[in-house]
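Hello,

Here is the structure you are taking over. My notes follow below it.

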Amino acid sequence: MKIAVFSSKAYDREYLEKHCDSGVVMSFFDTRLSPDTAVMAQGFEVVCCFVNDDLGEATIKALKKRGIKLIALRCAGFNNLDLPAAQLAGITVCRVPAYSPHSVAEHALALLLSLNRNIHRAFNRVRENDYALNGLLGFDLYQKKVAVIGTGKIGSTFARIMTGLGCEVIACDPRPDAGLIKQGIAYVTLEHIWQQADIISLHCPLQPDTFHMVNQQTVSKMKPGVALINTSRGGLIDTKAAISGLKSGHIGYLGLDVYEEEADLFFEDKSNVLLQDDVFARLLTFPNVLITGHQGFFTKEALTGIARTTMANIRAFAADDFAAMHLVGE
Ligand code: NAI
């Protein structure tokens, strides 16, 4: 089986090769998959893709033309995929639905704690021999009301972590988690969350009904000074609305591991390139905004889980054992 691995970095190569079966040949391309680069899939049976590969209709058609039979996503989210187009093309799509939910949940906590205690600013001050505490005043997380939107694998892990810190956790999910309810976590409406939460962490998938769930209207309903954390997908937040909320002081803290226009920025060293995205540039000017470049998944444990499941999916596909695959759309 020949696999073209798109958007691949040295760490992808290291972990995928470690878990690769004999008989599987992988070629690693750092290029992002798109209608223009799909030509590189010629001669392969499988493309292995990541979060910012373009798997829209035009790419799917181009992949079909080149005889691709399987798209093996090495991530959980699949908002970058046109599933009906893949189904129409007869291309199977699988993903990695679960790999260390702790990696992302702990990263959400890291963003929150850094912002809340101004660790990112303190780090720079101390390096400048500046030990003044002015402007670094934080607040206790203890007994704060933390809202978790989406209590699947990652959100429920985050909810448990925050319970452990002594926070009052509330949640919203169309499919409530019985275990969390047993622990005393109350499921409430989004309206309730916007109005009551001190801290809001987004863990639901990006889909038509969640696109820009944080917008001008919902921000205006939030508690002044709210801390907003997004480690899920950038499109959940209307970034311009978030900027207005930050400028007015309504949003007190914003921690982002994802950004709606991240595809042209993240995972690359752009330190020698002029930043063209004015919205992102504005975000970077706020002292109470902390952004990481989609690294929530980036732990040894998560990369091992991703490589293992990706290879198991491909192995099952080669054996026509679809029941053993984590298929998208099921
Ligand atoms: P999951 O599928 O286990 O959980 C998602 C939960 O969201 C489900 O319980 C679902 O019922 C709920 N949900 C769906 N629509 C909702 C709505 N309108 N309002 C509230 N809840 C809703 O997914 P998992 O593994 O927990 O991942 C969550 C998200 O985290 C993924 O969609 C992905 O976009 C993101 N992610 C980010 C990573 C990173 O590196 N920053 C890595 C992995 C995932």
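Leaving aside its neighbours within four places in sequence, which residues is Thr310 in contact with? They are Leu16, Cys48, Ala72, Leu73, Arg74 and Val96, where contact means heavy atoms within 4.5 Å.

Some ground rules. This is a predicted model: local features need pLDDT of at least 70, side-chain atom pairs count only at pLDDT 80 or more, and totals for chains, interfaces and linings use all residues. Numbering starts from 1 along each chain as its sequence is written, and side-chain values use heavy atoms, with hydrogens and water left out.

Thr310 belongs to helix α12; helices are DSSP runs (H or I, at least four residues), numbered from the N terminus. Thr310 has a relative accessible area of 1%. That makes Thr310 buried (under 20% relative accessible area, 1.4 Å probe, protein chains only).

Now the helix pair. The axes of α1 (residues 10–18) and α12 (residues 300–318) come within 9 Å and cross at roughly 60 degrees. Axes are lines fitted to C-alpha atoms over the stretch in contact, and angles run from 0 to 180 degrees between N-to-C directions.

On the α1 side, the residues are Tyr11, Tyr15 and Leu16. They meet Lys300, Leu303, Thr304, Ala307, Thr310 and Met311 in α12. By class, this contact has six nonpolar, two polar and one charged residues (Ala, Val, Leu, Ile, Met, Phe, Trp, Tyr, Cys and Pro are nonpolar; Asp, Glu, Lys and Arg charged; the others, Gly among them, polar).

Best wishes

Technical notes. Helix = DSSP H or I, 4+ residues; strand = E, 2+ residues; numbered from the N terminus. Buried < 20%, exposed > 50% of the residue type's maximum accessible area, 1.4 Å probe, protein only.
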